[in-house]
Amino acid sequence: MSKTFNVAVAGATGAVGSQMLACLEERDFPVKNLKLLATARSAGQKLRFKGEEISVEELTETSFKGVDIGIFSAGGAASQKYAPSAAADGCVVVDNSAAWRMDPDVPLVVPEVNPQAMGEYTRKGIIANPNCSTIQMVVALAPIHREAGIKRIVVSTYQAVSGTGKKAIDELYNQTKAIIDSLEPEKKVYPHRIAFNCLPQIDVFLDNGYTKEEMKMVHETRKILEDDSMAITATTIRVPVFFSHSESINVETHQPISPDEVRTLLSEAPGVSVVDEPSKSQYPMPIDAAGRDETFVGRIRADESVQNGINMWVVADNIRKGAATNAVQIAEILANDYLGK
Ligand code: A2P
């Protein structure tokens with residue numbers, strides 16, 4: 001009989017956590033026992049997994065005793081606080097927050113891109129799941145980097161509200177409804193109205209004038225693609241879309257590469273789906289990517305303003321490939337190649 005694992009999901013009641021349960025079930029992860037963790041507010045709430053109802057428990061320092069794999073999506077503060085004690089209890093943590101991503105002793109993994117980094121988890125017992133915007137960008141860019149060497153990336157994002165969590169999904173819905181009903185929209189999550197608007201701010205501003213989200217894309221991409229010399233600049237925008245982030249990516253390569261070559265490369269790349277028939281108005285869109293695990297790429301064309309430049313449009317479900325699916329894929333590699341042996 002193949003091995004099964006005691007698994008815990010921290011933040012199980014959240015937007016990403018609930019999708020993690022769905023991914024574990026859909027992908028038939030070898031779960032022996034599943035523990036669902038959240039704040040004391042949610043303790044006792046029942047969630048369904050494989051036809052069974054499981055009670056949510058309060059996340060505490062002793063939650064991970066006897067747990068083999070702990071998948072965290074309960075925010076940075078909870079990861080900072082509970083991941084080390086979980087690891088000390090022998091649980092391998094797959095962490096979706098930003099708390100550990102840039103720690104040199106913590107691998108930052110996108111299974112299609114750098115599975116070779118996985119083994120470094122033994123240093124701290126923690127593996128980090130990258131930022132949602134970074135994941136879809138590196139899935140699309142890694143094959144180009146391997147083929148032609150990326151010199152510079154200029155990326156602008158159009159990010160869905162679900163990346164902020166359940167409260168933001170409710171805020172977009174409630175504000176949209178209020179405006180249509182000619183009522184005053186309430187503002188709780190974002191500094192400005194998100195309905196029928198775009199916000200050029202994701203996370204807090206740093207001293208250099210960029211937001212934390214923009215700098216995450218810079219630093220995380222360099223770590224995953226293992227190239228600290230890569231020039232990267234990002235502008236991240238929140239848009240009134242519920243699910244799936246879109247990105248306009250301009251990439252300059254060291255070696256020449258044509259749009260046709262990029263199309264062929266990406267058609268064969270793991271986790272990528274090319275949708276690129278402009279004459280038929282076929283290109284990736286958030287409404288088509290929502291609920292899917294692939295990273296969709298289209299509008300592939302030469303940047304005629306530089307010698308070796310490509311422009312493209314990349315869309316993926318931020319809650320699935322950008323968070324839950326990627327974390328469960330990491331857990332699968334752990335189970336198959338490391339803990340299962
Ligand atoms: P709860 O639902 O009890 O507040 P979202 O990203 O959709 O906002 O969800 C965040 C998730 O993380 C929820 O499951 C939330 O639980 C959980 N969470 C947030 N902070 C903590 C914490 N300090 N300890 C445990 N769970 C937390």
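Me: Which residues are linked with Asp293 in a network of salt bridges?
Reply: This is a predicted model, and its structure holds 18 salt bridges. Side chains of opposite charge can pair when their charged atoms come close. In the network that includes Asp293, the other members are Glu26 and Arg320.

Me: Which residue forms a salt bridge with Asp89?
Reply: Asp89 sits in the loop between helix H2 (76-88) and strand S6 (92-95). Its partner lies 24 residues apart from it, in the loop between strand S4 (52-58) and strand S5 (69-72). The closest N and O atoms of the pair are 3.4 Å apart, and the partner is Lys65.

Me: Is Lys65 buried or exposed?
Reply: A residue counts as buried under 20% relative accessible area and as exposed over 50%. Asp89, at 29%, falls in between and is partly exposed. Lys65 has a relative accessibility of 52%, so Lys65 is exposed.

Me: How many residues apart in sequence are the parts tied together by Lys321 and Glu112?
Reply: The side chains of Lys321 and Glu112 meet in a salt bridge, with N and O 2.8 Å apart. Lys321 belongs to helix H8 (residues 320-339), while Glu112 is in the loop between S6 and strand S7 (126-128). The parts that this pair ties together are therefore separated in sequence by 209 residues.

Me: Is Glu112 buried or exposed?
Reply: The limit for buried is under 20% relative accessible area. Lys321, its salt-bridge partner, has 1% and counts as buried. Glu112 has 18%, which also falls under that limit, so Glu112 is buried.

Me: What separates Arg263 and Asp260 in helix H6?
Reply: These two side chains form a salt bridge at 2.6 Å, N to O. Arg263 is partly exposed at 23% relative accessible area, and Asp260 is exposed at 51%. Both lie in helix H6 (residues 259-267), three residues apart, so the separation is about one helical turn.

Me: Are the rings of Phe5 and Phe29 stacked or tilted?
Reply: The count of aromatic pairs comes to four. For Phe5 and Phe29, the ring centres are 6.4 Å apart and the planes stand at 45°. Planes under 30 degrees apart count as stacked and over 60 as edge-to-face, so this pair is tilted.

Me: Where in the chain is Phe29?
Reply: Phe5 is in strand S1 (residues 5-10), and Phe29 is 24 residues apart from it. Phe5 and Phe29 are both buried. Phe29 is found in the loop between helix H1 (15-26) and strand S2 (31-38).

Me: Which residue forms an aromatic pair with Phe64?
Reply: The two rings are 5.1 Å apart, centre to centre, with 20° between their planes. That angle is under 30 degrees, so the pair counts as stacked. Both residues are buried, and the partner of Phe64 is Phe72.

Me: How much of the ligand's accessible area does the protein cover?
Reply: Of the 15 residues around the ligand, Thr13, Ala15, Thr39, Arg41 and Ser42 come nearest. A ligand oxygen is 2.5 Å from a side-chain N or O atom of Thr13, and one is 2.8 Å from a polar backbone atom of Ala15. On its own the ligand has 580 Å² of accessible area, and the protein covers 70%.

Me: How many charged residues are in the shell around the ligand?
Reply: One of the residues that come nearest is Arg41, with a side-chain N or O atom 2.8 Å from a ligand oxygen. By class, the shell has six nonpolar and seven polar residues, and the number of charged residues is two.

Note on methods
Residues are numbered from 1 along each chain as its sequence is written. This is a predicted model: local features need pLDDT of at least 70, side-chain atom pairs count only at pLDDT 80 or more; totals for chains, interfaces and linings use all residues. Side-chain values use heavy atoms; hydrogens and water are left out. A residue is near a molecule or strand if one of its heavy atoms lies within 4 Å of it. A polar contact is a pair of N or O atoms within 3.5 Å; within protein, one must be able to donate a hydrogen and the other to accept it, and residues adjacent in sequence count only if both atoms are side-chain atoms. Accessible areas come from the Shrake-Rupley method with a 1.4 Å probe; for residues, only the protein chains shown count as cover. Ala, Val, Leu, Ile, Met, Phe, Trp, Tyr, Cys and Pro count as nonpolar, Asp, Glu, Lys and Arg as charged, and the others, Gly among them, as polar. A salt bridge is a side-chain nitrogen of Lys or Arg within 4 Å of a carboxyl oxygen of Asp or Glu. Helices (H or I, at least four residues) and strands (E, at least two) are DSSP runs, numbered from the N terminus. Buried means under 20% relative accessible area, exposed over 50%, partly exposed in between (1.4 Å probe, protein chains only). Rings of Phe, Tyr and Trp (its six-membered ring) pair if their centres lie within 6.5 Å; planes under 30 degrees apart count as stacked, over 60 as edge-to-face and the rest as tilted.
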